[in-house]
Amino acid sequence: MGRILVVDDEELAREAIKLRLERDGHQVDTAASEAEAIEKIRTADPPYDVVITDMVMESENSGLEVLKAALLRDVLTEVIILTAYGSVANAVECLKRGAYDYLEKNIPGVDVYDLLALKVERAMEHRAESLGLLKRLQAYQQPAAVQEEARD
Amino acid sequence: MATQQRTEERITHESHLYRLWSAISEPETLLRAILEESLEAVGATRGTISLVDYRTGELVTKFVAGLGWSEEKQELRFKITDEPGNSISSYVAYTGLPYICPDVTNDPHYYPIFPDTRSELAVPLIGRGGRVLGVLNVESERVNAFGENEARVLSSLASIAAFALSLAAHQTREKALIELGKELAATPDIDALLERVTEIAAKLLDADDCSLFLLDKSINRLVLRASRGLLRSLVGKATYRLGEGLTGWVALHNKPARLNGVVGDPRWKGLYLELKPEEISAFMAVPVRGRREVVGVLRVLRKKANPSAPHYLFSEEDEELLFTLASQLGAALEREELQRRLFTMQHIATIGELAARTAHMIGNKVFAMKGALKELSLQLSNLPLPESAQRLLTSVERALYEVETLLQDLRDFVKATQLNLQPVCLSEMVEELVREYSQEFPHISFELQLDEQPIWVKGDPEKLKNAISELIENSVHFLKEGDKIFVRLTKSTWVGQKHARLIIRDTGPGVPDKLKEQIFQPFFTTRAKGMGLGLAIVKGIVEAHGGTIEERGREGEGAMFIITLPAIEPAQGGES
């Protein structure tokens with residue numbers, strides 16, 4: 001299953017998400033801040049499959065910074081943004097910048113943890129598809145790539 | 001040489017003008033000088049200048065010249081009348097015309113003060129608007145001392161005196177107005193300011209009472225805000241509908257009213273009186289105008305000194321003065337209102353921001369709690385758990401969901417007051433909504449009434465739509481099969497300001513009287529669904545647009561919501 005990083009400054013939330021995802025068999029790391037998350041993403045080897053990050057932590061745009069770091073480390077890492085009240089606009093901005101999806105933390109009457117687990121599942125599938133596509137592309141472009149190297 | 005002479009003449013002339021000017025700025029000095037000059041000019045032995053006391057309808061001696069004036073003689077007052085024996089001066093004050101008395105012995109109007117008086121000449125001092133301010137009177141020990149020539153000379157002196165008096169009054173008023181202007185700008189307490197305006201108006205206009213009514217838009221009535229005498233205890237309580245009584249008439253027609261007495265005037269209702277109707281000598285009321293509309297009425301009254309005293313009328317000048325006072329007040333109120341709105345808006349913005357932050361924090365905690373609760377129930381599910389514990393878990397979960405619903409409502413409420421303003425054709429919007437709802441609820445009949453001319457407002461189309469929809473849905477919720485909803489949109493133009501007036505009336509059970517005050521409050525609902533922010537949000541939206549909303553239906557006969565919004569001219573091309 002997947003290697004997942006959960007980023008949230010609310011300890012209880014981190015732990016709850018971790019427990020929920022571990023039940024699905026994922027390997028879950030956590031980070032309590034934007035800075036800690038960026039450090040963990042940078043040094044992760046192999047990179048995380050999925051990063052789940054809260055939108056607002058140190059700043060209004062913490063989620064965006066985590067997203068940037070994740071895509072810089074591995075462009076195919078899937079990032080899911082968590083938003084509490086009022087930060088949907090920022091989440092939309094994240095989607096434009098390449099986040100896989102976002103999830104509102106407070107939807108009355110909806111089990112958002114199950115919803116999150118579902119989104120992680122889909123993100124994993126999406127990543128697998130993308131990786132497969134990339135492999136095929138690389139295989140197809142192998143000779144061309146060699147030529148490119150020679151020219152460099 | 002000629003030049004030098006001209007220069008000298010000019011200097012003399014100018015110094016004469018200067019003397020005249022300093023005399024004018026001290027009217028008493030000037031009046032005394034005029035009196036002395038009069039005696040000399042017509043060869044009289046004694047003279048008086050007496051002034052009209054309009055309050056009592058008497059003529060009061062102010063200045064005397066010549067010999068033999070005891071204090072007692074100077075203090076004589078005469079009733080202004082054409083009845084004989086009340087003095088020649090009083091008769092002249094009554095007629096407003098010069099009077100030559102060649103021989104006092106046979107004159108019916110003559111009142112003896114000095115035994116040696118043989119003949120008299122009296123001319124009126126006439127102020128602006130033909131009003132008699134006083135009388136200049138001279139006498140002689142000779143019979144037939146004064147003729148037409150003397151009357152002409154005295155009349156021209158009298159006109160200077162009248163001018164000086166008018167000017168002095170004018171200057172006093174002007175000074176008071178300037179003072180008031182300063183006070184209006186500096187007085188922070190609006191109620192103190194209103195009091196002050198009535199005080200100054202009463203003083204300047206020699207009025208016995210002055211009352212100020214201001215329009216309360218939320219109830220569409222003029223409410224007494226300041227008064228001086230009998231009505232003082234009714235401040236905040238006495239109200240007039242627009243058009244009701246003289247005061248309501250002034251506000252509705254945006255015109256002044258000036259009358260002698262009030263008995264007999266068809267507009268007079270006598271709802272709230274400073275004086276008994278028969279005691280009122282004169283009444284005057286002017287609209288207090290804001291930049292765009294009438295915001296109140298300022299009224300003054302004069303009392304009769306005694307039942308038989310003549311009417312002490314307000315003059316055109318008085319009306320001008322009251323108008324000036326009222327417009328200064330109007331401008332001050334507008335400033336005040338602007339500041340209040342600004343303050344409210346800032347207040348709302350601050351609260352909105354605080355609410356948003358708090359909601360965000362609570363949302364985060366609730367999210368975490370939901371997760372922990374879920375894991376907890378999962379772990380407990382492997383254990384034999386009593387049913388009561390299971391129920392507790394369920395109710396904690398339900399409570400958390402309720403908190404989230406509250407947060408959502410709160411978010412909606414904060415959002416409702418953040419507007420994206422643009423010209424909106426309200427007629428079109430209402431028509432469309434009614435069409436949609438009549439399709440959605442075929443069991444209810446909708447009746448739509450629109451003005452021929454489309455009505456435009458400046459608003460946030462989305463928010464306005466939400467507000468109107470909420471009102472219609474609110475109605476529908478309480479209606480049975482066959483009930484009706486009447487929707488009517490008109491333009492009302494009362495008090496010079498154009499308003500869009502939207503009425504949504506239904507034939508349902510109506511709003512119980514005891515609930516009327518609460519329905520617009522947040523978290524009030526009689527409906528099962530929702531947390532009851534519906535009407536509070538509607539009110540928030542309407543008020544953020546500078547409008548008003550009220551419920552005017554009767555319990556048992558149906559609900560009636562009335563929204564007013566400031567109307568604008570149709571947007572270009574919007575007429576088609």
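**View 1. Helix H6 of chain B on the sheet.** In this predicted model, helix H6 of chain B, residues 190–204, lies across E7, E8 and strand E12 (294–303) of chain B. The helix runs at about 140° to E7(B).

**View 2. Helix H7 of chain B on the sheet.** Helix H7, made of residues 245–253 of chain B, packs on the sheet as well. H7(B) touches E7, E8, E9, E10, strand E11 (280–289) and E12 of chain B, and its direction makes about 30° with that of E11(B).

**View 3. Burial of helix H7 of chain B.** H7(B) is mostly covered, with 7 of its 9 residues buried. These buried residues are B:Gly245, B:Leu246, B:Thr247, B:Gly248, B:Trp249, B:Val250 and B:Ala251. Their cover includes E7, E8, E9, E10, E11 and E12 of chain B. After the helix comes B:Asn254, which has a positive phi, near 55°.

**View 4. The open sheet of chain B.** The sheet has 6 strands in the order E9-E8-E7-E12-E11-E10, and their pairing is antiparallel. Strand E9 (239–241) and strand E10 (257–260) of chain B each have a single partner strand and stand at the edges, so one side of each has no neighbour in the sheet. On average, neighbouring strands are turned by 20° against each other, direction ignored.

**View 5. Pairing of strands E7 and E8 of chain B.** Strand E7 (residues 209–216) and strand E8 (residues 221–227) of chain B pair in the antiparallel sense over 6 bridges. B:Leu214 is placed opposite B:Val223 in E8(B).

Definitions and conventions
Residues are numbered from 1 along each chain as its sequence is written. Chains are lettered from A and ligands numbered from 1 in the order in which they are written. This is a predicted model: local features need pLDDT of at least 70, side-chain atom pairs count only at pLDDT 80 or more; totals for chains, interfaces and linings use all residues. Two strands pair if DSSP finds at least two bridges between them. Helices (H or I, at least four residues) and strands (E, at least two) are DSSP runs, numbered from the N terminus. Axes are lines fitted to C-alpha atoms, for helices over the stretch in contact, and angles run from 0 to 180 degrees between N-to-C directions. Two residues are in contact if their C-beta atoms, placed from the backbone, lie within 7 Å. A residue is buried if 20 or more other C-beta atoms lie within 10 Å of its own, exposed if 12 or fewer, and partly exposed in between; C-beta atoms are placed from the backbone.
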